[in-house]
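Trainee: I would like a close look at one chain of this model. Take me from its overall build down to its detail, in one connected account.

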Amino acid sequence: MSDSEFDVVVIGGGSTGTAVARDCAMRGLRTLLLERDDIASATVGTCAGMISSGLKYRNEPDIMELCSEEVVHFNHIARHIMMKIPILAPLLDLSDAASDSGYIDAYSEHAEEREVPAMMFLTPEATLEIEPMVHPDVIASVYYEEFFIDPFRLSLLQALDAINHGAKVHTYCEVIGFEKTGGEIQGVVFYNRITGTTETVRTKLVVNATGPWAHKLARMNDSKLDLRLNKGTHVILDRRVVNVGITARALDGRWVYLFPHENTTLLGTTALDTWEDPDRLVASFDEIEYLLQSIEAVIPSIRESRIIRTMAGIRPLVPDWKVSEDKVTRGYQIVDHENGMISFTGGKLVMCRHMAQDVTDLVCKKLGVKAICKTHEKPLPGNEDDVDVESLSVEYGISLHTLERMRARRGTDIVKILELTKEHPEWKTTICTCEPVIEAEIRYAIREEFPQTLNDLRRRLRLGTGPCQGTSCTYKAAAILSEELDLEGDDFLVDILDFKAERWKGIRPSMRGEQLAQEELAQGIYTCVGNLDQSDVDYDLKPWEEGA
Amino acid sequence: MNEDEAFEYVKGTLRSERITPYHPYEIEVVRSIEKCINCGLCINHCPVVAAVGIDRFSGPRSIAVELSRSPPEYWSTADIVYLCTGCGTCREVCPKNVDIPEVVNLIRARIFKHRPDLVPKGFYVVQEPLTEYNLAFQPWEDKEEKSESRDMRLEKLGLPYVQDRVLDKAEILFYPGCQAEERAQEVREAAKVILDYFDVDYTLLDEMSCCGLPARLMGDDQTARSLADRLKKKVKKMGIKKVVTTCAGCTSNLSDLSYYFDWGVPTVHILEFLAEDIGLQRFGEDMANSSRLSPVHVTVHDPCHLIRHTSRQIMDYALEILREIPNVRVTESEAYDSCCGGGGLVSYHSRDVADAVVKENIEAIQKTGAERLVTPCPLCTAQIENNLFKSGSSVEVDDLTVFIAQRLPKKG
């Protein structure tokens with residue numbers, strides 16, 4: 001394939017963009033994915049990973065049906081990166097139950113195809129046995145089950161699968177313009193942030209999957225796109241503190257939740273109409289307090305748990321105005337600008353594959369290509385078979401838990417990493433002690449999954465996402481990255497500063513309680529031992545850093 | 001589905017997702033573990049890490065920040081958590097008081113429930129007698145043989161035999177624990193000699209049953225609870241004021257049980273009983289009259305279950321008691337408070353690890369030049385004695401209770 005001629009250029013490497021690239025490539029289109037930063041580095045990277053049954057959207061039955069179908073598809077193509085979470089909605093007064101029974105029927109309508117039970121009521125005794133942290137005055141609870149996926153791995157696997165099918169994927173390439181003839185897009189101009197060069201490729205069509213930047217990209221193409229941008233914030237706890245997921249009515253009557261996710265717990269989410277720059281977004285004090293107070297009503301001791309950080313992202317909602325956020329459709333729209341660009345608005349993580357299917361159908365139609373979608377049939381890399389980590393642990397002499405965490409990221413591809421340790425037994429060394437991540441997986445990810453920075457490694461490996469937030473792994477991982485990518489000493493330091501800044505962005509707004517002790521230790525290590533505060537490298541403070 | 005059926009269904013999902021909900025009393029343990037700041041201080045003090053290296057046992061820090069974070073994955077920690085001897089050194093040195101030994105029990109309990117196939121097979125040697133006879137060891141088949149063994153031991157140690165006393169009502173329950181009941185019978189007998197000497201109003205149980213600690217350590221919570229309940233009922237019914245034991249493990253476990261489950265009856269080690277109830281002055285005065293044994297040079301080992309799980313005060317008492325006994329010279333070992341490797345049931349499945357841990361003690365004991373080691377725990381006694389013997393050392397080991405009983409003057 002030529003490196004400068006494509007049928008379609010997909011812009012945006014989130015869950016949707018990577019799904020589109022995968023679908024296009026699988027249908028034989030010459031496909032290029034351009035991402036300004038890294039895969040899953042914005043909206044999808046700040047979501048809870050819920051492959052929602054759509055029960056919040058019971059007024060949109062077709063959306064619930066779609067969500068349910070997609071859950072079935074994901075269980076088929078990506079079960080190795082999924083978990084089922086049992087969920088309780090504790091009720092503290094009868095009006096809770098009476099005012100809102102519609103969702104029970106709506107949820108239960110499609111439960112069978114997802115192989116989960118219809119919603120059920122539990123007694124207070126049963127509720128407290130399942131979750132003793134629930135308020136003792138609980139009068140009943142509603143029980144249901146949902147599926148969760150690792151949103152980083154999903155996006156990355158879609159990108160890798162697109163590459164497997166012949167697509168090109170370029171991260172750190174920011175689109176800065178379009179070449180047009182007669183108002184029609186002929187080419188895409190982008191700035192390569194790694195090489196520092198400007199490049200141009202020719203293409204027949206452009207799919208704009210840039211989420212909260214979609215209107216700006218459309219404007220660059222002289223097209224108008226309306227979006228309703230909506231900020232969502234999560235508070236992240238250091239471990240699974242609840243036995244099951246908990247959902248509750250927030251102070252303002254919306255639903256909020258406390259979901260076990262991987263080896264943490266997520267408390268979310270807020271929903272605020274926003275006009276902020278997505279690149280400068282941080283959680284606010286009000287959002288954190290809103291979440292804590294809301295969940296406190298059903299889990300009174302929540303503040304005793306350890307908050308390690310926050311994360312904030314922007315939902316690119318369909319532009320329904322004059323209604324509250326939760327009345328806005330969670331469906332998506334495909335907007336054909338009729339000039340070579342097709343844009344998305346709206347959508348949910350659970351729909352990303354379906355959105356890709358729809359837009360690829362349109363792309364194929366426009367290009368006169370006859371090819372059918374297979375993205376729901378073919379498994380994503382690693383989901384080909386079950387993995388017996390117990391025998392792998394014996395075979396390769398690596399601890400079971402290390403392998404189980406690795407399996408949850410990689411499925412059958414785990415063996416490719418383990419093979420590396422045959423030649424390099426020293427790569428069995430644990431680098432990130434919280435997750436854990438061993439050196440072999442870092443080396444493998446650097447070689448096969450095109451990361452450029454420590455933050456990219458974090459998204460691929462959960463590096464530095466545990467209770468200590470990179471206190472003890474950053475230097476070690478940076479040394480490996482520098483060796484593999486042949487980075488200069490200054491680049492090495494800047495990358496450490498970038499990584500710490502990205503952690504700080506999430507830590508700073510919620511820092512309290514036990515995390516203060518952790519941060520003090522981290523500061524001690526990085527300033528007293530690492531002398532990082534004295535480094536004279538050329539580094540610009542991020543907008544959320546003190547002194548910026 | 002009615003509510004009961006619904007609950008049954010939910011239990012099924014929890015089982016298949018390998019979730020055993022935290023009990024309210026476990027939440028306190030989880031809260032403590034949340035305080036870990038990954039500083040790694042514990043790794044430098046963990047005797048198992050020191051003995052076998054971090055690649056074999058990833059250490060207390062990894063239990064706090066890695067292995068304990070996601071209950072559905074607890075099964076995958078089975079190659080590590082059974083190597084913890086539960087000595088509590090990590091908790092003692094931790095600047096945040098993270099309760100590692102308890103979180104290890106909490107994890108083991110979940111592996112026992114969800115993946116019994118990953119529980120070390122060696123544990124079943126303990127589990128069988130626990131469920132069948134309420135004892136941690138297979139009881140003697142022939143009671144006469146048991147008495148003969150006891151008499152041989154008494155004769156060798158020069159201890160008199162004091163008749164067993166089982167009373168309906170008494171001030172004190174003397175609880176020897178399984179090891180002294182079935183194996184190290186001399187410890188049980190020695191305690192009786194001491195209690196008898198000081199005219200203590202005590203009784204034994206009509207039928208000895210385990211305090212449940214071994215069941216807890218292997219993760220069999222159900223057996224642990226039923227054993228604890230059984231004992232609690234008896235203790236309550238007898239109306240005793242205090243439990244006196246000669247076992248370090250029983251002391252700490254019964255103290256915990258008493259605290260968490262409202263027994264209202266304290267448990268003390270016999271050393272505490274001597275120091276606090278009999279009084280060091282009276283003990284010393286009586287001992288001054290004793291001329292029973294020739295001068296002896298000893299060193300002392302501190303059992304983890306006393307110093308770290310109960311109180312270091314108990315071993316201060318031990319030294320004070322030794323000072324009151326004539327002709328006893330004490331030299332401190334450099335590793336006096338280092339785990340002997342006998343804890344956490346590690347020796348039941350990974351003998352090599354347990355023996356690697358005790359090595360430091362063996363070397364330090366020999367360096368003291370003492371001819372005898374004394375320690376107030378039958379488990380430590382057995383573990384150290386075996387390994388001193390294997391290393392060809394001439395140092396002999398005595399349970400401290402036996403050592404004291406041997407030196408008491410003749411009653412009369």
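Mentor: Start with a term: domain bounds here come from an automatic or database domain assignment. For chain B that assignment gives domain 1 (3-119), domain 2 (124-271) and domain 3 (279-407). Residues are numbered from 1 along each chain as its sequence is written, while chains are lettered from A and ligands numbered from 1 in the order in which they are written. The model is predicted, so local features need pLDDT of at least 70 and side-chain atom pairs count only at pLDDT 80 or more, whereas totals for chains, interfaces and linings use all residues.

First, the whole chain. Chain B holds 21 helices and 8 strands. Helices (H or I, at least four residues) and strands (E, at least two) are DSSP runs, numbered from the N terminus. The radius of gyration of chain B is 22 Å, close to the 22 Å that the globule rule gives for 412 residues, so chain B is as compact as a globular protein of that length. That radius is taken over C-alpha atoms, and the globule rule is 2.2 Å times the number of residues to the power 0.38. The C-alpha trace of chain B spans about 75 × 50 × 40 Å along its principal axes.

Burial comes next. A residue is buried if 20 or more other C-beta atoms lie within 10 Å of its own, exposed if 12 or fewer, and partly exposed in between, with C-beta atoms placed from the backbone. By that count, 52% of the 412 residues of chain B are buried. Contacts use C-beta atoms as well: two residues are in contact if these atoms, placed from the backbone, lie within 7 Å. Take the contacts in chain B between residues at least 6 apart in sequence: 78% of them join residues at least 24 apart.

Back to the domains. The C-alpha centres of domain 1 and domain 2 of chain B are 29 Å apart. Across this boundary, 8 residues of domain 1 of chain B are in contact with 7 residues of domain 2 of chain B. Helix H8 (residues 100-114) of chain B gives the largest share of the domain 1 side, 5 residues. By class, that side has 5 nonpolar, 2 polar and 1 charged residues. Ala, Val, Leu, Ile, Met, Phe, Trp, Tyr, Cys and Pro count as nonpolar, Asp, Glu, Lys and Arg as charged, and the others, Gly among them, as polar.

Now a sheet. In chain B, 4 strands form an open sheet with parallel pairing, in the order S6-S5-S7-S8. Its edge strands are S6 (328-330) and S8 (396-399) of chain B, each of which pairs on one side only. Neighbouring strands in this sheet are turned by 35 degrees against each other on average, direction ignored. Two strands pair if DSSP finds at least two bridges between them. Strand S7 (residues 372-375) of chain B and S8(B) run parallel, joined by 4 bridges. In this pair, Arg372(B) stands opposite Glu396(B) in S8(B). Helix H21 (residues 400-407) of chain B packs on the sheet, touching S7 and S8 of chain B, and its direction makes about 85 degrees with that of S8(B). Axes are lines fitted to C-alpha atoms, for helices over the stretch in contact, and angles run from 0 to 180 degrees between N-to-C directions.

Then the contact with chain A. It takes 39 residues from chain B and 42 residues from chain A. On the side of chain B, the elements that give two or more residues are helix H1 (3-16), helix H2 (24-33), helix H5 (59-67) and helix H6 (78-81) of chain B. The largest share of that side comes from H1(B), with 7 residues. By class, the side of chain B that touches chain A has 20 nonpolar, 8 polar and 11 charged residues.

9 of its 9 residues are buried, so H5(B) is largely enclosed by the rest of the structure. The buried residues of H5(B) include Arg61(B) and Glu66(B), along with Gly59(B), Pro60(B) and Ile63(B).

Last, the partner chain. Chain A has 17 helices and 20 strands. Of its 548 residues, 56% are buried. The C-alpha trace of chain A spans about 65 × 55 × 50 Å along its principal axes.
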